[in-house]
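Subject: Structure for you to look at

Hello,

Please find the structure below, with my notes after it.

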Amino acid sequence: MKWGTPVLSGKRLVLLTSVCLLCVLNGTPAEARTSHAGRSPRPAAKAMGNVIESIQVHGNARIETSTVLSYMVVQPGDSFAQDDLDRSLKTLYATGLFKDVTLRRDGNTLVVDLVENPVVNRIAFEGNSAIKDEDLRKEITMRPRAVFSEQAAAADRQKLLNLYASKSRFGATVTPQIIHLSHNRVDVIFKISESHVTVIDKVVFVGNKSFSEARLAQVISSKESAWYRFFSSADEYNPERVKYDAELLRRFYLHNGYVDFHVINATGELAPDRKMFYITFTISEGPRYRIGKMDVRSNLRHVDANSLKKYIELFPNQWYDGTAVQNNATNMQERLQAQGHPFAMVRSDIARNPEKKVVDLLFDVTQGPRVYVERIDINGNTITEDKVIRRQLPMAEGDPYTPFDRKYSKAILQDLGFFKTVSVDQSQGSAPDRVNVAVNVLEKPTGEFSLGGGYSTNVGIIGNASVKQNNLLGTGVNAGISATVAYYQKQADLSISDPYFLNRNVVAGVDFYGIQNNYMTYQSYKEGRYGMTLRFGYSFNRYLSQSWSYSLVDRDVGSFYTLSEASIYGYQYVPSIYIQQSRGWSLLSQLSTTLAYDRRDSRMRPRSGYLIQIAGDFAGLGGNTRYVRAKIDGAYYLPLDSITGSHEWGLQFKGGTGYMTDWGNGLVNVIDNFYLGGQNLRGFLQGGAGPRSAHYVANGQILPLQGQEDLIGGKFIYTASAQLNFPLPMGDDVGISGRYFVDAGSLAGIRVRENHTNPGDPNFTPISGDTLSPRVSTGFGISWKSPFGLVNIDAGVPIIKSSRDRLYPIRFGFGQQF
């Protein structure tokens with residue numbers, strides 16, 4: 001080695017720089033920073049002329065010399081060993097602080113020449129519109145005032161490309177531009193060309209024999225690009241979605257009896273222009289199986305296998321349905337756990353007979369491991385308080401832990417309506433019989449701004465608006481204000497509800513409201529109500545609950561002319577005498593209660609299960625109105641997955657009946673009666689079906705013409721409804737679903753202050769429509785999850801009606817969340 005020549009230069013180690021980071025991971029810098037005494041012993045230099053007497057560092061302006069020396073393997077007193085010099089060079093490069101490093105010998109002095117990497121002054125993005133700057137900044141690792149390196153810039157470029165790929169923009173390009181500034185600083189600008197979204201041009205299935213490509217295309221979530229999918233992202237290529245589609249295909253074939261089905265391959269091929277993808281699913285169907293023998297085996301003490309056979313919901317010789325089998329096992333397990341066997345497990349085993357194409361089923365009931373909850377962690381709740389989530393869980397620390405608790409916890413948290421996603425995960429605790437439960441949630445907007453309206457030829461347009469917050473300040477408190485403005489109605493409401501009043505399983509709330517109904521557009525009177533309602537409710541268990549309320553309402557009916565006033569002022573007709581009887585002020589003091597038994601799978605969007613409600617009102621705790629009113633309602637939901645293979649198909653049946661009677665000597669007011677039409681009988685005006693009475697004309701005669709009658713309601717009502725929910729062509733892509741309904745009902749029973757239906761009465765006024773004969777309507781409706789909220793439209797056509805019933809053919813409403 002010549003005097004004064006470089007011992008080792010970074011330029012001579014171009015091939016070694018790619019392994020510098022690997023050296024860091026393997027601990028080389030840590031070795032380099034150890035003291036001389038801590039290094040492994042090396043043979044002493046035989047000649048003092050080969051010993052490093054001192055080390056000089058040049059070129060470091062920002063980094064202290066002591067810091068540089070701490071990274072080096074060699075120290076003063078060591079020999080000029082080539083191996084140690086190589087390692088020192090590598091460790092200095094691996095720090096990422098230096099752009100170039102040269103080690104050279106000057107006598108017995110080791111000279112370290114450095115070129116420092118610049119410092120990042122700022123980071124900017126140009127050309128991006130689909131992804132915001134803050135989202136791009138979260139993805140990269142470089143930060144202002146950090147050391148810049150070309151390797152870091154290249155790594156961040158790749159991360160940005162991956163982010164765009166996750167947004168289906170595979171044609172995007174990212175180019176880092178480095179602008180050098182004074183004082184060894186740089187600006188890093190990522191110039192981005194986002195390109196168009198890479199869509200799916202074609203989806204192909206290979207190996208399918210039993211189902212057509214069109215049918216399988218309905219099963220998967222990825223869709224071919226089409227003009228009408230402007231509101232959908234289903235035609236955007238996503239590798240994770242393709243994996244999910246493979247699982248959807250597997251479930252679909254298992255649902256239809258293909259036990260041996262498997263996906264051989266699911267690939268996405270990018271077109272040369274990088275604008276489109278071609279997806280190919282290669283599958284193997286195998287034969288279709290029917291169910292043969294079914295049996296139950298129990299290893300639980302005091303649980304006989306024969307007693308569990310009644311819980312088998314399948315039938316011999318039906319096509320095997322993997323979903324139904326799993327659901328049957330789950331239902332049997334939940335029943336056992338609810339009956340005092342918290343650790344019971346039910347597993348379904350199958351035995352294939354390929355020759356006969358039959359599958360024998362065995363439900364194996366065993367005692368699962370005894371596992372208890374050690375700790376519950378709540379994650380992701382940036383708004384909702386921990387206690388709001390914990391109080392909903394069916395378990396606490398120390399309780400037995402079962403899969404049923406996990407399933408129920410997820411369902412009840414989703415029903416809160418506070419979160420976009422909910423997952424309940426488990427991990428091993430400090431002992432084999434302990435488990436840690438992690439509840440992971442993703443908050444969603446819980447404020448709601450909604451608009452609604454309707455139209456008919458009789459009443460014209462009605463509009464309403466409301467602002468609600470269903471999770472006020474993360475406390476679970478529900479507060480809202482709403483207003484309705486129409487030609488015949490003005491209403492304002494203010495309500496507050498606490499679902500866990502005083503930190504107990506009690507719902508409490510209060511409502512304040514004011515209502516002005518101008519029924520003179522289709523009746524002959526106005527009504528004003530101003531009052532408040534106190535609410536109180538509790539649950540006996542997860543299915544049975546009861547609520548109570550007390551209402552105090554100041555009411556007034558009037559703003560119409562009597563017969564004598566009509567003659568004076570020249571009006572042609574006046575309201576029915578039954579409406580005139582209700583004229584004036586009344587005070588309602590009412591106590592109400594509702595008992596509900598709810599076995600629906602979801603309270604937000606039920607698809608299966610049933611709901612029964614029994615309600616009663618008692619008016620007369622003060623005030624001058626006295627009556628008793630009772631009502632019972634029921635709903636049953638039936639999914640059609642097993643028939644259609646889709647969650648979008650389902651049936652729902654609803655029905656109810658009510659009766660009211662008077663007591664004491666209170667005022668009888670028609671505004672308290674039952675009314676039929678509108679929401680409980682689509683196709684009819686609200687209150688448009690049922691008892692009605694004619695107007696008086698100026699000469700004292702009766703005018704029994706449609707449109708000139710008053711709707712006076714009744715005291716006995718019944719309703720029934722059947723509805724089929726179904727998907728529409730292209731509905732998944734634009735968020736539209738359909739429904740077909742048949743509504744029926746009737747209203748009867750005259751409830752007025754004085755009855756004047758006797759022809760001999762001087763104030764004789766007949767009442768029509770007082771019959772229990774059913775009114776029936778049918779029609780279609782659609783729901784659209786539009787960009788500005790949910791839109792509902794129902795069009796009903798009466799097929800059985802009274803000759804003078806009031807009709808309301810179309811109803812619509814829409815809303816938006818914020």
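Predicted model: local features only at pLDDT ≥ 70, side-chain atom pairs only at ≥ 80, totals over all residues.

Residues are numbered from 1 along each chain as its sequence is written, and side-chain values use heavy atoms, with hydrogens and water left out.

Helix α10

Helices (H or I, at least four residues) and strands (E, at least two) are DSSP runs numbered from the N terminus. Helix α10 covers residues 322-338, 17 residues in total, and reaches 24 Å from its first C-alpha to its last. That is close to the 24 Å expected at 1.5 Å a residue (1.5 Å times one less than the number of residues). At its start, a side-chain oxygen of Asp321 comes to within 3.0 Å of the backbone nitrogen of Thr323. Just after the helix, Gly340 has a positive phi of about 100 degrees.

Buried residues of α10 include Val325, Asn328, Ala329, Met332 and Leu336 (buried is under 20% relative accessible area, exposed over 50%, partly exposed in between, with a 1.4 Å probe and protein chains only). Their cover includes α8 (239-255), β12 (344-353), β13 (358-367) and α12 (403-415).

Asn328 lies in this helix, and its relative accessible area is 0%. Not counting residues up to four places away in sequence, Asn328 touches Tyr311, Ile312, Glu313, Leu314 and Phe363 (contact means heavy atoms within 4.5 Å).

Phe170

Phe170 sits in the loop between α6 (150-166) and β6 (173-181). Phe170 is buried too, with a relative accessible area of 17%. Apart from neighbours within four places in sequence, Phe170 is in contact with Ala165, Thr198, Tyr237, Pro239, Arg274 and Phe277.

The three-stranded sheet

Three strands make an open sheet in the order β8-β10-β9, with mixed pairing (two strands pair if DSSP finds at least two bridges between them). β8 (199-206) and β9 (262-270) are the edge strands, each pairing on one side only. β9 and β10 (residues 276-284) run antiparallel and are joined by eight bridges. Glu269 stands opposite Tyr278 in β10. Helix α8 packs on the sheet and touches β8, β9 and β10, its direction making about 30 degrees with that of β10 (axes are lines fitted to C-alpha atoms, for helices over the stretch in contact, and angles run from 0 to 180 degrees between N-to-C directions).

Regards

Technical notes: Polar contact = N/O pair within 3.5 Å; in protein donor to acceptor, adjacent residues only side chain to side chain.
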